[in-house]
Amino acid sequence: MKSDSISVGIIGFGTVGTGTARILLENSALIRERCGFSVVLKGIADLDITRDRGIRVPDGVLTTDARALLNDPEIDIVVELMGGIHPAKDFMLEAVRNGKHVVTANKALLATEGSVIFAEAERAGVEVGFEASVAGGIPIIKVLREGLVANNIVAVYGIINGTSNYILTKMTEEKVEFSSALEEAQRLGYAEADPTFDIEGIDTAHKLTLIASLAYGIPLSFNAVYKEGITKITARDIEFASELGYKVKLLAITKASNGEVEMRVHPTMVPNEYLISKVDGVFNAVYVEGDAVGSTLYYGRGAGDMPTGSAVVADIVDIGKSIVHGVARRAPVVSPETASRRGIRRMEDIESMYYFRFSALDEPGVLSKISGILGANSISIVSVIQKGRRIGGSVPLVVLTHRARERNVLDALREIDALPVVSDRTLFIRVEGSEE
Ligand code: NDP
Ligand code: HSE
């Protein structure tokens with residue numbers, strides 16, 4: 001049955017809720033012109049409806065009662081923008097059971113509880129839109145689900161946490177301290193309610209869980225993602241990386257080979273000549289390589305009210321088209337029944353190049369002890385930098401390696417860190433790039 005309007009209710013009038021409402025109100029004529037139907041903002045629920053959010057909404061739209069929206073028979077799509085797991089999950093399930101489509105930016109919820117929500121939506125015959133949950137304004141979910149559907153995905157590399165990219169960029173360009181860069185990112189509304197999620201790689205892992213599931217047809221597997229954040233990276237490492245021709249970025253990596261999928265999040269040294277190394281500030285970028293299309297790169301703002309609102313409204317309009325034209329539902333994210341049987345590669349089995357920063361005593365024979373242990377573990381050295389001279393004291397000794405197996409690296413570092421000439425735990429960063 002054709003209708004000329006659809007109604008939406010938003011739960012959560014914070015950063016993304018405000019951006020979404022602004023786009024729906026300010027671009028309503030454009031949306032109508034492009035799609036042939038209107039999107040009516042029927043309600044916005046928030047705990048606090050007295051605070052000035054910087055936009056005017058029509059009278060009667062604001063409510064403190066989220067359930068009023070979930071039970072409103074006129075609302076077609078419930079947009080969950082409150083964040084967190086509970087009660088967001090309960091609200092989404094209730095909306096789905098009431099026959100409403102749902103749209104969310106909540107990657108934490110989908111990565112950890114998504115299989116329950118997708119299964120329930122499948123049963124109820126409604127859609128779940130989650131474009132905004134990965135890479136903010138970049139339509140990467142659409143790319144993976146639709147644009148590259150004809151491809152076997154070779155690899156995906158993403159800078160998909162604006163807060164940590166913003167912090168690393170500030171540390172690189174302005175030499176500011178980690179904590180002041182984080183405060184600024186929080187003030188700008190980029191950081192999660194709990195910023196640990198951003199700086200410890202958890203938010204990136206939430207997003208990678210969704211990407212890997214779409215790219216490789218595997219179930220949502222957040223617990224299997226290797227997660228390492230940026231808190232151990234010092235300004236000194238960023239400087240050494242720069243001397244070696246690299247930028248330090250928090251990368252989300254997924255690739256498949258020999259029937260296994262890698263899913264890992266960690267700081268990574270990326271060669272200066274790679275486009276993704278030039279992605280700075282709050283910007284995100286996702287590199288996707290497909291067997292048919294080759295290399296593709298998507299770039300844009302990964303956080304903030306309007307970019308994220310842009311992705312939320314894109315989902316609303318997409319689902320609106322299904323409602324208005326009565327077309328078949330789009331494919332769900334992988335359901336347990338259709339999930340591919342690929343295994344997840346253990347972190348010890350991955351291969352990479354490595355940067356090591358040893359804290360070693362500045363005395364003869366130290367380098368040969370360290371390189372001997374590396375050699376015995378099949379790790380071969382590309383270059384060595386030693387900075388400063390402190391007879392009898394310790395100095396940073398930086399080593400860049402050829403491709404090595406992570407298990408061998410961990411074994412070698414255990415042995416090296418136990419040497420009396422090594423005064424502190426060795427820091428290592430995985431390095432991307434070709435060996436030619
Ligand atoms: P905010 O904290 O800015 O907004 C959340 C809003 O929801 C707040 O106003 C909060 O009220 C309200 N809220 C909390 N509980 C309830 C409830 N029970 N009923 C109604 N309203 C409630 O978060 P963001 O807008 O930044 O993030 C929202 C979601 O979008 C999260 O899942 C986040 O991960 C995701 N996201 C955020 C991006 C960003 O750039 N900020 C980008 C991409 C995704 P109160 O403040 O009173 O608690
Ligand atoms: N905290 C997230 C970030 C918001 O910094 O990227 C966007 O998902």
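Let's start with Asn-161, which sits in the loop between strand E7 (153-159) and helix H7 (162-173); helices (H or I, at least four residues) and strands (E, at least two) are DSSP runs numbered from the N terminus. This is a predicted model, in which local features need pLDDT of at least 70 and side-chain atom pairs count only at pLDDT 80 or more, while totals for chains, interfaces and linings use all residues. Residues are numbered from 1 along each chain as its sequence is written, chains are lettered from A and ligands numbered from 1 in the order in which they are written, and side-chain values use heavy atoms, with hydrogens and water left out.

Is Asn-161 buried or exposed? Asn-161 is buried, with a relative accessible area of 3% (buried means under 20%, exposed over 50%, partly exposed in between, using a 1.4 Å probe and protein chains only). Its side chain makes a polar contact of 2.7 Å with the side chain of Asp-198 (a pair of N or O atoms within 3.5 Å; within protein, one must be able to donate a hydrogen and the other to accept it, and residues adjacent in sequence count only if both atoms are side-chain atoms). A polar atom of the Asn-161 side chain also lies 2.7 Å from the backbone nitrogen of Ser-164.

## Ligand 2

Asn-161 is one of the residues around ligand 2, along with others including Lys-107, Asp-198 and Lys-207 (a heavy atom within 4 Å counts as near). Oxygen atoms of ligand 2 lie 2.7 Å from a polar backbone atom of Gly-162 and 2.6 Å from a polar side-chain atom of Thr-163. On the nitrogen side, a ligand 2 atom is 2.6 Å from an N or O atom in the side chain of Glu-192. The protein covers 93% of the 250 Å² of accessible area that ligand 2 has on its own (Shrake-Rupley method, 1.4 Å probe; for residues, only the protein chains shown count as cover).

## Ligand 1

Glu-192 turns up again here: an N or O atom in its side chain is 2.8 Å from an oxygen atom of ligand 1. A backbone N or O atom of Thr-15 lies 2.9 Å from an oxygen atom of ligand 1. Alone, ligand 1 exposes 900 Å², and the protein buries 79% of that.

## Helix H5

Now for helix H5 (residues 107-124), which bends by about 85° at Glu-113 (the angle between axes fitted to the seven residues ending there and the seven starting there). Among its buried residues are Lys-107, Gly-114 and Phe-118. After H5 comes Gly-125, with a positive phi near 70°.
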